[in-house]
Amino acid sequence: MVHRLKLHKVLIQSLSFSFDEKYLASLGGQDDNTLVIWDIESGKALIGNPVGMNVANRVTFYNTTSSKCLTIHNYGIRVWDLDLIQKKVQYSEILTGTIKRIYSCAAIDAVDQNAYLGTKTGDLIEISLVGKNYKRVGPGKQLFSQGVRCLQLLANGDMLVGAGDGTIAKVSTHDLSVRKKAKVMGAVTSLSLTADSTHFFCGTSKATIYWCNTDDIAPELRNTCHDERINDVVFPGGYSELFATSSLNDIRVWNSKTRQELLRIEVPGLDCHCVHFTSDGKSIISGWNDGKVRSFLPQSGKLLFAINDAHNHGVTAIAATSDCQKVVSGGHEGEIRIWRIGR
C-alpha cells in the first residue's frame, strides 16, 4: 500500500485522476457530498469543498489541465476551477433550461471543448465547457432503456454508450444519432478502450466481460461468472482439470486452467446451496433451497434424478458414498439423511 486517503464519510462515490497523474479527485456519497483533491505523491488532501445539497454522482478531470474538473449531480452540472497553489476552489453552474435530468456518467472530449452526459432518463446531453452552456439533447425519440450507465469517446468523434438494458451503442457526436447497436447480457457497467480505440472491453452487471470492435461493435463473450454469491466450490475426486460452483439459479462447471465455463446447469428462481461430484464421475449431485436433491449428467447437464422433499427448509450439505450407491444429505433443520440410489 502506498497511501490510505481518509477523509470522506460512509461512501466514496467517484474517483478521477488528473491527466498528468499528479492529482486525484474524489467525491463523497450522499452522507458526505464533498469534493476532495489529493496530491498523489504525498497522499495529502489539498482541497476539500462541499458540493451542496444536490447529490453529486461523478467527478471527471479535464483532459488537458489539472486545474479544472466537472461534477454531475441529480439535476445539476458544475464546472470547478481549482487553485492548487492557494488551495482555493470556485464553481460555475451550467444551466440546461427546461431540461431536468439525473446525470449518471460523463465524458469530456480530448480538447476540453465539450462534455457529454448520460442520464437516468436514457438520453444524452451535450454541453459546452468553453461557454459553460447547454448545447443539445439526443438521440431524439430513441431513448436508452433503463438509463445510460457509461460513456467513452472515440478518436473519430463517435461515442460509445452503455445502457441499463444491456444495449451498447455507437453514437455520433455531431448530431447525437445512433449509428450502431448491439445487446449484451445484463446492464452495461463499464466500457474500456484499447489505446488505439479500435476495440474495447464491456463489463456487465451479470458478471460477463465482452470483447468488441468499435466499427460494428459485435460483442464476443470472453469471460463470465456468477452474478450472485457462490455457495460451494468442489473438484472431482483425484482430478484437477475442472471444478464446479453453485449459486443462485445455476451450477457451473469450469476448466481450471483456462478459467472458462464448460457447462451451465440452470434452475431459474432457486438457490443451489451445495454441489458434489460422484466418485465414478457419472453425475453431479446438488442440494437446493426448495428442499430437493437433484442429480445431473456432467456432460450435458440433463437432469438424472431428483429426490423431492429431502429436507423441509432446504438442502445445505451433500455427499455420495464411494460406491455411488448412496447419497448423504444435510438440511437446515439439522437432520442428516441417507438415500439409496436405485431405479
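Relative accessible area was used to class residues as buried (under 20%), exposed (over 50%) or partly exposed (in between), with a 1.4 Å probe and protein chains only. By this criterion W80, at 0% relative accessibility, counts as buried. The structure is a predicted model, in which local features need pLDDT of at least 70 and side-chain atom pairs count only at pLDDT 80 or more, whereas totals for chains, interfaces and linings use all residues. Residues are numbered from 1 along each chain as its sequence is written, and side-chain values use heavy atoms, with hydrogens and water left out.

Aromatic pairs were considered next. A pair of aromatic rings is described by the distance of the centres and the angle of the planes. Rings of Phe, Tyr and Trp (its six-membered ring) were taken to pair if their centres lie within 6.5 Å; planes under 30 degrees apart count as stacked, over 60 as edge-to-face and the rest as tilted. The count under this rule comes to 3 aromatic pairs. One of them is formed by W80 and Y91, a tilted arrangement with 5.1 Å from centre to centre and 50 degrees between the planes. This pair links distant parts of the chain, with W80 in strand β7 (residues 76–83) and Y91 in strand β8 (residues 88–93), 11 residues apart; helices (H or I, at least four residues) and strands (E, at least two) are DSSP runs, numbered from the N terminus. While W80 is buried at 0% relative accessibility, Y91 is partly exposed, with a relative accessible area of 40%. A tilted pair is also formed by F201 and W211, with 4.7 Å between the centres and 55 degrees between the planes. F201 belongs to strand β18 (residues 199–204) and W211 to strand β19 (residues 208–213), so this pair ties together parts that are 10 residues apart in sequence. F201 counts as partly exposed, at 37% relative accessibility.

Aromatic rings also take part in contacts with charged groups. A charge is taken to sit over a ring if NZ of Lys or CZ of Arg is within 6 Å of the ring centre and within 35 degrees of the ring normal. The ring of Y91 has the charged end of R78 over it, 3.8 Å from the ring centre. In a further case, R294 lies over the face of W288, at 5.4 Å from the ring centre.

Salt bridges, defined as a side-chain nitrogen of Lys or Arg within 4 Å of a carboxyl oxygen of Asp or Glu, come to a count of 16. Among them is the bridge between K68 and D81, whose closest N and O atoms are 2.3 Å apart. This pair links distant parts of the chain, K68 being in strand β6 (residues 68–73) and D81 in strand β7, 13 residues apart. K68 is partly exposed at 24% relative accessibility, and D81 is partly exposed with a relative accessible area of 24%. K206 forms a salt bridge with D227, with 3.5 Å between the closest N and O atoms. Here the partners are 21 residues apart, with K206 in the loop between β18 and β19 and D227 in the loop between β20 (217–224) and β21 (230–234).

An open sheet of 3 strands was found in the order β27-β28-β29, with antiparallel pairing; two strands pair if DSSP finds at least two bridges between them. Strands β27 (315–320) and β29 (336–340) stand at the edges with a single partner strand each, so one side of each is left without a neighbour in the sheet. Strand β28 (residues 326–331) is joined to β29 by 5 bridges, the two running antiparallel. K326 has R340 in β29 as its bridge partner. A salt bridge also joins the side chains of R337 and E335, at 2.6 Å from N to O. R337 is partly exposed, with a relative accessible area of 25%, as is E335, at 36%.

Two further residues are buried. T96 is found in the loop between β8 and β9 (103–108) and counts as buried at 12% relative accessibility. A polar atom of the T96 side chain lies 2.7 Å from the backbone oxygen of I99. S286 is placed in strand β24 (residues 284–288) and counts as buried at 0% relative accessibility.

How values were computed:
Polar contact = N/O pair within 3.5 Å; in protein donor to acceptor, adjacent residues only side chain to side chain.
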